[in-house]
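Biologist: I'd like a close look at one part of this model, namely how its charged side chains pair up. Could you walk me through that?

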Amino acid sequence: VLTDLGVRPDLVLCSPSVRTRQTAELALPGTDVVYEPEIYEAYADELLALLRRGDPEVRTLVLVGHNPGVHELVQLLTTRDDEGFPPGAFAVIETDDEWSGLDAGRAVARWSPKEQ
């Protein structure tokens, strides 16, 4: 459960697939989730475009999606070279940028699949 690790999202964006819905419910019980069809089968650049449209009031966002897109997004934002995300893996990244200015290499990974 991500809340046990101190992750308290202002917004959860989730692919509408059955598996991602189940993952969101298990990882963030009792949290409101917005099901976003754009996440399903999205590439990293499409996910980045979605994040850039984020409300500036949202400080902590959880994205529940699919590989390889989510893994490639984390690599793009943090310049990490992780081998991949197994099912159910997650990364926590931090940035000082506004969502609209989010760009490659501008975030820091605080938690990744290798550290779980």
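To start with, is Arg106 buried, partly exposed or exposed, and what is its relative accessibility?

Modeller: Keep in mind that this is a predicted model. Arg106 counts as partly exposed, at 48% relative accessibility; the cut-off for exposed is over 50%. Its partner is Asp97: the two form a salt bridge, with the closest N and O atoms 2.7 Å apart. Side chains of opposite charge can pair when their charged atoms come close.

In total, the count comes to three salt bridges. Another of them joins the side chains of Arg53 and Glu38, at 2.7 Å from N to O. Arg53 sits in the loop between helix H2 (44-52) and E3, while Glu38 belongs to the loop between strand E2 (34-35) and H2, so this pair ties together parts that are 15 residues apart in sequence. Glu38 is partly exposed, its relative accessible area being 40%.

Then there's Asp103, which makes a salt bridge with Arg52; here the closest N and O atoms are 3.2 Å apart. That one links distant parts of the chain, since Asp103 is in the loop between strand E4 (92-94) and strand E5 (108-111) and Arg52 is in helix H2, 51 residues away. Both ends are partly exposed: Asp103 has a relative accessible area of 37%, and Arg52 comes in at 32% relative accessibility.

Technical notes:
Residues numbered from 1 in each chain as written. Predicted model: local features only at pLDDT ≥ 70, side-chain atom pairs only at ≥ 80, totals over all residues. Heavy atoms only, no water. Salt bridge = Lys/Arg side-chain N within 4 Å of Asp/Glu carboxyl O. Helix = DSSP H or I, 4+ residues; strand = E, 2+ residues; numbered from the N terminus. Buried < 20%, exposed > 50% of the residue type's maximum accessible area, 1.4 Å probe, protein only.
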